[in-house]
Amino acid sequence: MDYKKLLKSNKFKIAVWGTGYIGLSTMVYFSKKKIKCVGYDINHEKVRKINSGVLPLADLKNWFGFEIKKLVKQNYLKATFNYKDLITNDFLVHFVAIPTEKDGKPFYKPLLNVLTNISKINRKVKNPPIIIIESTLAPKVSDKKIIPFLKKKKLTIGKNILLSVAPRRDWFIEGVKNLENLDRVYGSTDKKSAKVTKDVLSIVCKKLHLASSYKVSEMVKSVENAYRHMDITLANQLSLAFPKDNIREVLKLVGTKWNVETFHPGIGTGGYCIPLSSRYILSQVKDGNKLSLLRETIKTDDGMSRAVANSIAKKGFKKIGILGLSYKGDLKVSVLSKVIPLVKSLKRKRLNVRLFDPYFTKKEIKDAVKIGTFKFPNELPKFDCLIVTVDHKQFKIPKKVLKKYLKKCKLIIDHDGAWKNYDLDSNYHLSGDTGWI
Ligand SMILES: NC(=O)c1ccc[n+]([C@@H]2O[C@H](COP(=O)([O-])OP(=O)(O)OC[C@H]3O[C@@H](n4cnc5c(N)ncnc54)[C@H](O)[C@@H]3O)[C@@H](O)[C@H]2O)c1
């Protein structure tokens, strides 16, 4: 049976487990195609907001480029905190989009919770439901955890449950890098699961790539990010090895070669994907020496924030202002943000540190980094050193105003180039240029 047709008939629906960046975007893109989607989340606030047509993640508004109110009103988009709403016979698809990490390590409790809930489905239905795992999995997790778990629950894969692993690559900052446009890799346990996944994903995704199995698609996610992790970390190692040279410029020009991307040095990688990828791979390898490149990558990456803090302390600065808690500009995500260890290292050097991020409240900042905030831009003159860790739009105030507030500042480190066009004086450094560290 064609699952696309079944879903389009509106007799069947899509269940989405976890309504964060990944799950919510899945729901929104499928509901835009007039498919009914219901998301389950343990966060009641998120559920309430979705049901009242408000985006729980306000920073996604620009990314989507449209309101979700209409979709909610038309009954295509709904959320619940009662998992039983999602295990009725009318759900053909179960997208799994819950977190798979905690404190920088693989963490599978939410995944197993969700699988426990899904395993309560009615097994005697004509069209077996499919589980499509969107969450990032470390290599081998399907074989070690998911498949044995489903078997233990007496579900027969390919018969009364179907299974695929289809990781995500969205870039929640650029609207075009979304579920519709990005190449999507998927792999399945059997032919039927693969066919059904294609039926379902092709409703939204334009470019699909079928892997020969779920093991391959599962590994693709970690490996593609580990490559990026190494590339960014090489930029950092070059900067540490040649502190008197403008490695930022070198790498910008290196990036003009047709097969090389541009990377720049900085405080290290953050977010769910990149810093975890090498760890995910190493967690499944018996002899870590065989992947010494990844081990070194993690070591250098984790050490960057300390290196930056040491350099600032050595230069004699005492009052440090940090602009940005997020790991990327215009996103309210502080997961594994390198700003967190940076603040810790600066505090260990007994420096006076304050942080401002327009996306986070005073309390959220306090909870994340245990320091106070400040008023931007009015209180910028309080600091002798500023670190602009991301390029939030709100940091780009008029040049004249900014220059007025920066008069007393003796060192500015700009990670993402938020102020690169402001023509600031020699105290201003893009991370990676001569003298930034
Ligand atoms: N955000 C990204 O850019 C991105 C990109 C690719 C892959 N991923 C992966 O996708 C997964 C989800 O990431 P995200 O960014 O959407 O995370 P998120 O934190 O934004 O959302 C996760 C949601 O799951 C909910 N949740 C937690 N435990 C739950 C449970 N037991 N049952 C139901 N809901 C539960 C949380 O309340 C939250 O709303 C992760 O594995 C992540 O690595 C994320």
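Two strands are taken to pair if DSSP finds at least two bridges between them, and helices (H or I, at least four residues) and strands (E, at least two) are DSSP runs numbered from the N terminus. The structure is a predicted model, in which local features need pLDDT of at least 70 and side-chain atom pairs count only at pLDDT 80 or more, whereas totals for chains, interfaces and linings use all residues. Residues are numbered from 1 along each chain as its sequence is written.

By the pairing criterion, 3 bridges join β9 to β10, and these two strands run parallel; within this pair, Y186 stands opposite L210 in β10. From β9 the chain passes through helix α8 (residues 191-201) to β10, in a β-α-β crossover that is right-handed, a term applied if, with the strands pointing away from the viewer, the path from the first strand over the helix to the second runs clockwise. Strand β9 (residues 184-188) is also joined by 2 bridges to β8 (residues 162-165), with the two strands antiparallel; here V165 has G187 as its bridge partner in β9, and S164 is partnered by S188.

These strands belong to an open sheet of 8 strands with mixed pairing, in the order β3-β2-β1-β4-β7-β8-β9-β10. Its edge strands, each pairing on one side only, are β3 (77-80) and β10 (208-210).

In helix α6, the residues L111, V114, L115 and I118 are buried. Seen down the axis of α6, its buried residues fall within an arc of 100 degrees (taken from the directions from the helix axis to the C-beta atoms), so they line one face of the helix. On the other side of α6, K109 and T116 are exposed.

Around the ligand there are 27 residues, of which G18, G20, I22, S135 and T136 come nearest, a residue being counted as near if its C-beta atom, placed from the backbone, lies within 6 Å. The elements giving two or more residues to this shell are α2 (21-32) and α6 (109-118).

Terms used
A residue is buried if 20 or more other C-beta atoms lie within 10 Å of its own, exposed if 12 or fewer, and partly exposed in between; C-beta atoms are placed from the backbone.
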